[in-house]
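Hi,

Here is the structure I promised to send over.

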Amino acid sequence: MKQKDLLKETTGSLYARFGLSQCDITPPVGIYSRNWGAAAFDQATAVHQPLLMHCLAMQSCDGLPAILLTADLGWWKNAADEQNLRLALLSHFNLAESQLIFALSHTHAGPSICSTDAAQPGGELISPYLEFLKQQAIYCIETALSGLFNGSLTWNYGVCDLASNRDLKVDDHYLIGYNPLKEADTTLLVGRLYDETESLKAVICNYACHPTSFAHENDLLSPDFVGEMRNTVERSLSVPCLFLQGASGDLAPRRQYVKDPALVEANGKQLGYAVLATLAQEQRSHKNWIFKESLISGAPLACWGFREQRASTDFKQRVLSIKVPYKKLPSPEAILSEYEGCTDRVMKDRLWRKYNTRKSIGDQEDAVIPVWIWKMGDAVLVAQANEAYSCYQIEVRAEFPDHTIVFINIANGYVGYLAPKELYDKDIYAVWQSPYASGGLEILIEQTKLGIQTLLTDETRLD
């Protein structure tokens with residue numbers, strides 16, 4: 001591609017049929033909700049802000065649907081719970097695996113969604129809640145599909161410095177918390193959904209940052225900063241705002257691990273205002289800001305301006321299968337035995353998580369990581385189940401500067417962290433928590449690039 005062709009703002013625009021819906025998925029107070037090893041409590045005592053589910057239904061010009069479902073939930077400890085829910089949705093709506101993405105916000109102040117936590121205080125509420133989630137998801141999708149309209153989805157990049165690097169070395173120890181010495185990826189991606197009358201119908205915030213404002217002292221159910229981000233945007237624009245968690249394995253707010261809801265809401269306002277700031281310059285759904293000409297003045301000037309942009313109708317979904325190695329892990333029986341003999345509350349919680357992860361892996365020596373790649377007009381969406389470090393989105397976006405790339409962590413499952421190989425000789429949480437061996441993230445990055453390039457090349461050949 002010629003340099004002049006790149007002298008434009010990176011946007012992506014899809015023309016298709018769209019449908020929107022949302023529903024409340026706040027669980028009953030008293031459900032087991034211990035997300036932190038250091039927490040002294042096991043059950044939520046009240047609700048800070050409601051937990052929500054959103055659906056964005058999309059239908060291509062040839063009538064094929066795709067469903068993007070988001071939920072204010074944490075992560076799946078038990079792979080079977082996620083698979084049971086997603087397979088039920090695929091079956092109910094007669095969808096192919098590639099046509100559904102169920103993305104979690106990764107709040108750390110939500111309920112347990114692990115059926116094997118049934119013996120914990122409030123654990124008897126988990127299985128009924130999982131059934132409730134399935135029914136709400138069906139309702140949400142049906143509602144979105146029943147209200148399809150012609151429209152366009154356009155993306156623009158912005159910035160927000162809510163996220164900071166969270167791998168902090170103190171003396172000889174690595175801790176998880178604000179690291180002011182390392183630069184963080186502050187990329188914000190904002191989607192705007194318009195109908196054919198140019199009326200704004202919804203906003204999408206794609207941002208990489210752990211929702212860990214609330215922590216071990218908090219006993220409230222909450223979407224964390226995501227809730228107040230939505231409130232801030234929706235109060236201003238009067239349209240729904242969806243949140244997609246980016247590649248945030250190494251990113252979190254500076255001010256986190258707090259009990260005060262005001263600090264959590266301040267984090268949300270910061271992100272919400274950044275979304276609004278990005279939108280302030282982007283009120284034209286079908287125009288792009290491009291380089292037009294040079295002009296000799298007191299200095300040689302580069303003159304830019306708006307040019308009409310035709311929205312693409314190209315909408316495709318693919319699932320890549322990427323093989324990466326597992327570590328050599330102890331057997332599930334050995335981990336369970338250690339768990340049963342442990343009397344330390346914090347260590348017992350770590351071992352229980354480790355056991356659930358190990359049990360879901362089985363006897364496999366290699367993992368096969370599914371990666372969903374959707375081509376949405378000129379934009380590309382990439383979704384996978386793990387907590388990939390931000391270099392995943394940084395490197396892939398750099399490879400395709402003329403395409404907008406949406407990234408989603410913790411979509412359609414959960415296993416563990418994918419950290420850079422240079423961290424694997426360090427005693428750091430993202431390494432010892434993860435079942436993946438060194439080099440897994442690097443394989444994921446290269447294979448994702450190849451998958452995107454193949455999808456784009458196939459389209460070029462068709463043209």
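A cavity here is a set of grid points where a 1.4 Å probe fits but cannot get out. Counted that way, there are five cavities of 30 Å³ or more. Keep in mind that this is a predicted model.

**Cavities**

The largest cavity has a volume of about 60 Å³. Its lining is made up of 13 residues, and Ser33, Phe41, Ala109, Asn218 and Leu220 are the ones nearest its centre. Sorted by class, that lining has eight nonpolar, four polar and one charged residues.

The second largest cavity holds about 50 Å³ of space. If you want to find it on screen, select Asn35, Gly74, Trp75, Lys77, Pro111, Ser112 and Ile113, which line it. Three of these lining residues are nonpolar, three are polar and one is charged.

**Pockets**

Now for the open spaces. The largest pocket comes to about 1100 Å³, and 40 residues line it. Arg350, Arg353, Tyr429, Trp432 and Gln433 sit nearest its centre. The elements that contribute two or more residues to this lining are β9 (173-176), α5 (332-341), α6 (345-361) and α8 (429-432). Of the lining of the largest pocket, α6 provides the largest share, with ten residues. By class, 20 of the lining residues are nonpolar, ten are polar and ten are charged.

The second largest pocket has about 470 Å³ of space. It is lined by 22 residues, with Ala79, Gln83, Val368, Pro370 and Val415 closest to its centre. Helix α6 turns up here again: α1 (79-92), α6 and β18 (366-376) each give at least two residues to the lining of this second pocket. The class count for the lining is 13 nonpolar, six polar and three charged residues.

**A patch on the surface**

Trp289, Trp304 and Phe306 make up a nonpolar surface patch, and together they have about 260 Å² of accessible area. Phe306 belongs to strand β16, which covers residues 300-308. Is Phe306 buried, partly exposed or exposed? Its relative accessibility is 31%, so Phe306 counts as partly exposed; the partly exposed class runs between the 20% limit for buried and the 50% limit for exposed.

That's what I have for now. Send me your thoughts once you've been through it.

Cheers

Key
Residues are numbered from 1 along each chain as its sequence is written. This is a predicted model: local features need pLDDT of at least 70, side-chain atom pairs count only at pLDDT 80 or more; totals for chains, interfaces and linings use all residues. Side-chain values use heavy atoms; hydrogens and water are left out. Patches are made of residues with over 30% relative accessible area and no salt bridge: like charges are joined within 9 Å, nonpolar side chains (Val, Leu, Ile, Met, Phe, Trp, Tyr) within 5 Å. Accessible areas come from the Shrake-Rupley method with a 1.4 Å probe; for residues, only the protein chains shown count as cover. A salt bridge is a side-chain nitrogen of Lys or Arg within 4 Å of a carboxyl oxygen of Asp or Glu. Helices (H or I, at least four residues) and strands (E, at least two) are DSSP runs, numbered from the N terminus. Buried means under 20% relative accessible area, exposed over 50%, partly exposed in between (1.4 Å probe, protein chains only). On a 1 Å grid over the protein atoms alone, a cavity is a set of points where a 1.4 Å probe fits but cannot get out, and a pocket is an open set with protein on both sides within 12 Å along at least five of seven lines; lining residues have an atom within 4 Å of a point. Grid points are joined across faces, edges and corners, and a volume is the space filled by probe spheres set on the points. Ala, Val, Leu, Ile, Met, Phe, Trp, Tyr, Cys and Pro count as nonpolar, Asp, Glu, Lys and Arg as charged, and the others, Gly among them, as polar.
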